[in-house]
Amino acid sequence: MKYNLMAPCHFGMEAVLKKELQKLGYEIVEVMDGRVIFAGGGDAIARANVFLRTAERVLVIVGDFTATTFDELFEGTRSIDWAQYIPENGRFWVTKAASVKSKLFSPSDIQSIVKKAIVEKLKETYSTEWFTEDGDSFPLRVFINKDRVLIGLDTTGESLHKRGYRKLVSHAPLAENLAAGLIMLTPWKYDRILVDPFCGCGTIPIEAAMIAANIAPGMNREFTAESWDHLSPRKSWYEAVDEANDMIDMSVHPDIQGYDIDDEMIKAARQNAVDAGVAQMIHFQRRDVSALSHPKKYGFIITNPPYGERIGDKDEITGLYRDFAERYAALDSWSAFVITGYQDVEKYMGRKADKNRKIYNGMMKTYFYQFNGPKPNPAGRRAK
């Protein structure tokens, strides 16, 4: 059976997620702020969960209707053939409701009414007044945008950014799926040097190494829908993981480096890289940003420096960005990609970014600044 599936992502990452889905061979139905809708069968549920690097989760859209009142929300939900998705002993609940520019805006009321409507429909279908709910879990999410209601069955469970390798984290870690998306927004390829001078617990270097070795981010974790044989047969999950295993290429030797001033973070980054299976591809080192250098003429910096919100000393942040800008200027043929909420990045870099993209890191508005270096020509000389 073919479904409309929805993959939410960080705001600003929709284009990257769309390309990922197209590369997997799926038809794009619609692109919205913070989510992409695509078409696929039970195999798509498994493959999307296993392979997508930038998505937060994968949902089966079971309801798509307009509601401007709670009565319309109730009736629209009740009209869905819920028995097609939820067995009689299924445990179901509305784990989250979100509303934007809509007449219905109370998340708790939306959750309560949708749950009640599902119960009433299933009572009628299964001819019962009581549900044990001791079977498989069927969490639901409701999105209302401009009075359009989308109800989705969450096939993922824990967010897709939780790859399983990051057990040790810094104070303000970048989500794994956001880190992967930032890398994919750059022209970096595994045969080019990549340095993260503020690597923290190593997320950007580790995600880069996983991309270089073609390691699917979801191949070593579990998903809620693995037990939903009526929607996505177990065979589909085995085949997706087999496909992922066949695609891994550990023969690559990328030059990926991560620096941080904190010894404990470097230790954490190394352990996280070991757990991700890419330790041999990354060199982590304790190094202050004021010592940033590299002997090679061309390379990439992709980094997430402190923004200032979580560090009380404003002078410390100012000095940090000044040091970074000075060291980057000495790498005269390198490109730098910086995600930050700090307002004076371009001031200290001494130039306007070639491009910047607004991206929401959680609820915080940030910008991904792109400072381009020249492209190396075949002879290795600086391009004119």
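Predicted model: local features only at pLDDT ≥ 70, side-chain atom pairs only at ≥ 80, totals over all residues.

Colleague: Leaving aside its neighbours within four places in sequence, with which residues is Tyr165 in contact?

Modeller: Residues are numbered from 1 along each chain as its sequence is written, and side-chain values use heavy atoms, with hydrogens and water left out. The place of Tyr165 is in the loop between strand 7 (148-154) and helix 5 (176-184); helices (H or I, at least four residues) and strands (E, at least two) are DSSP runs, numbered from the N terminus. With contact meaning heavy atoms within 4.5 Å, the partners of Tyr165 are Glu176, Thr203, Ile206, Glu207, Met210, Asn272, Asp275 and Ala276.

Colleague: Is Tyr165 buried or exposed?

Modeller: The classes rest on relative accessible area: under 20% is buried, over 50% exposed, and in between partly exposed (1.4 Å probe, protein chains only). Tyr165 has a relative accessible area of 3% and is therefore buried.

Colleague: What separates the C-alpha atoms of Ala212 and Asp249?

Modeller: Ala212 lies in helix 6 and, at 8% relative accessibility, counts as buried. Apart from neighbours within four places in sequence, Ala212 is in contact with Trp188, Tyr190, Val252 and Pro254. Asp249 is 37 residues from Ala212 along the chain, and the C-alpha separation is 8.1 Å.

Colleague: Why is the pair of Phe223 and Trp237 called stacked, and how many residues apart in sequence are the parts that it ties together?

Modeller: The structure holds 11 aromatic pairs, where rings of Phe, Tyr and Trp (its six-membered ring) pair if their centres lie within 6.5 Å, and planes under 30 degrees apart count as stacked, over 60 as edge-to-face and the rest as tilted. Phe223 and Trp237 have ring centres 5.4 Å apart and planes at 25°, so the pair is stacked. Because Phe223 lies in the loop between helix 6 (203-212) and helix 7 (234-247) and Trp237 in helix 7, the pair ties together parts whose separation in sequence is 14 residues.

Colleague: How many residues apart are Tyr321 and Tyr342?

Modeller: The ring centres of Tyr321 and Tyr342 are 4.3 Å apart and the planes are at 20°, so this pair is stacked. Tyr321 belongs to helix 9 (residues 314-330) and Tyr342 to the loop between strand 12 (335-340) and helix 10 (345-349), so that the pair links distant parts of the chain, with a separation of 21 residues.

Colleague: In strand 10, which residue is the bridge partner of Gln257?

Modeller: Two strands pair if DSSP finds at least two bridges between them. Strand 9 (residues 256-260) and strand 10 (residues 282-286) are joined in the parallel sense over 5 bridges. Within strand 10, the partner of Gln257 is His283.

Colleague: Against which elements do the buried residues of helix 2 pack?

Modeller: Of the 10 residues of helix 2 (residues 42-51), 9 are buried, so this helix is largely enclosed by the rest of the structure. Among the buried residues of helix 2 are Ile45, Arg47 and Phe51. They pack against strand 1 (3-8), helix 1 (14-23), strand 3 (35-40), strand 4 (59-66) and helix 7.

Colleague: In strand 3, which residue is the bridge partner of Asn4?

Modeller: Strand 3 is covered on both faces, with Arg35, Ile37 and Ala39 buried on one side and Val36, Phe38 and Gly40 on the other. Strand 1 pairs with strand 3 in the antiparallel sense over 6 bridges. The strand 3 partner of Asn4 is Ala39.
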